[in-house]
Amino acid sequence: MMSGNYTSIQNQNASGSVPPAPDPPGQVSVKFNESTLQTFPPSAPQGKIAGGSGPPRDADDTFSKPSSGSSEQPSAGWLKVFTIAAYQPYFDVDTSDILERIKDSFLPFRGTFNEKTASNPDLYGPFWICTTLIFVSAAIGTFAAYLAHRISHKDWDYDIRLLTWSASLLYAYAVFVPISLYIILKYLSAPLGLIQLVCLYGYSLFIFIPAVFLSMIPVEMFRWVVAGVAGFMSAMFVASNLRTHIVSAGEKWFWIVAGIFLLQLGLSIVLELYLFSSSATNPIMA
């Protein structure tokens with residue numbers, strides 16, 4: 001047995017020790033540096049694959065841009081108005097938004113409609129309000145004419161021109177009146193967005209839908225009262241929402257608001273005269 005005390009060898013070059021074998025000629029030793037080892041998954045984006053799920057920063061744009069020979073070239077300038085994509089954002093609206101804006105049209109003295117719709121005016125509501133008013137007014141106007149002829153014991157024939165006439169009147173009013181006002185405001189250096197004006201005028205027509213149903217009652221005085229109240233509320237709704245904006249146009253703002261007010265009242269009078277007249281000789285049927 002050997003003693004429990006061992007002598008430690010401090011010098012590895014002591015006699016009797018075997019030196020490390022040198023690398024054979026023609027071979028290169030591989031040394032691993034701990035700092036270059038990669039952990040998985042990598043903690044930071046490496047190389048071209050940046051951001052896990054996102055595309056590489058230098059990825060090919062072939063599928064994100066139309067090719068030079070493709071017909072889907074991006075539209076530029078005013079040509080965008082002839083593309084469907086230009087109007088898609090104005091039809092992206094919820095039912096709750098539509099109902100809230102319709103409710104505001106019944107409260108004409110608030111004057112807060114433009115503020116609420118400044119960031120997201122829509123065309124969905126105005127389109128369906130105008131279309132519904134066209135068919136409802138034509139149908140109920142025809143029924144009112146039928147009752148008038150029955151009461152006077154005269155023959156009655158349906159005339160499709162009542163529908164085409166109401167469609168021409170209401171669509172033209174909902175489009176050309178806002179365009180005309182847009183040009184006037186732009187000339188007076190008090191511009192307001194065209195879509196916002198169309199949105200305002202479209203919702204101002206909703207009050208005429210219940211007024212049309214009330215006009216079924218065959219009492220001439222009552223019909224005129226309904227037409228007057230509907231026209232007044234619609235006119236006040238438009239005028240009160242534009243007054244604050246038009247005041248910046250200078251001293252002519254009063255005449256602009258008065259013209260807007262009279263146009264809305266005039267629309268209600270025209271609807272009453274040509275769609276709900278109880279006389280057997282309705283001018284639109286002549």
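This is a predicted model: local features need pLDDT of at least 70, side-chain atom pairs count only at pLDDT 80 or more; totals for chains, interfaces and linings use all residues.
Local features need pLDDT of at least 70 and side-chain atom pairs count only at pLDDT 80 or more, while totals for chains, interfaces and linings use all residues. Residues are numbered from 1 along each chain as its sequence is written, and side-chain values use heavy atoms, with hydrogens and water left out.

**Helix α1**

Helices are DSSP runs of H or I with at least four residues, numbered from the N terminus. Helix α1 spans residues 95-105. Its buried residues are I98, R101, I102, D104 and S105. They lie on the same side of α1, because they cover an arc of only 155° around the axis. That arc is taken from the directions from the helix axis to the C-beta atoms. Buried means under 20% relative accessible area, exposed over 50%, and partly exposed in between (1.4 Å probe, protein chains only). T95 and L99 are exposed, on the face turned away from the buried side of α1.

What covers the buried residues? The cover includes α2 (113-117), α3 (124-151), α5 (194-204) and α7 (220-246). Contact here means heavy atoms within 4.5 Å.

**Residue I184**

I184 sits in helix α4 (residues 161-187). The C-alpha atoms of I184 and I256 are separated by 9.0 Å. Along the chain, these two residues are 72 residues apart.

**Cysteines and accessibility**

A disulfide is a pair of cysteine sulfur atoms within 2.5 Å. By this rule the model has 0 disulfides.

| Residue | Relative accessible area | Class |
|---|---|---|
| C130 | 2% | buried |
| C199 | 0% | buried |
| I184 | 41% | partly exposed |

Methods: Helices (H or I, at least four residues) and strands (E, at least two) are DSSP runs, numbered from the N terminus.
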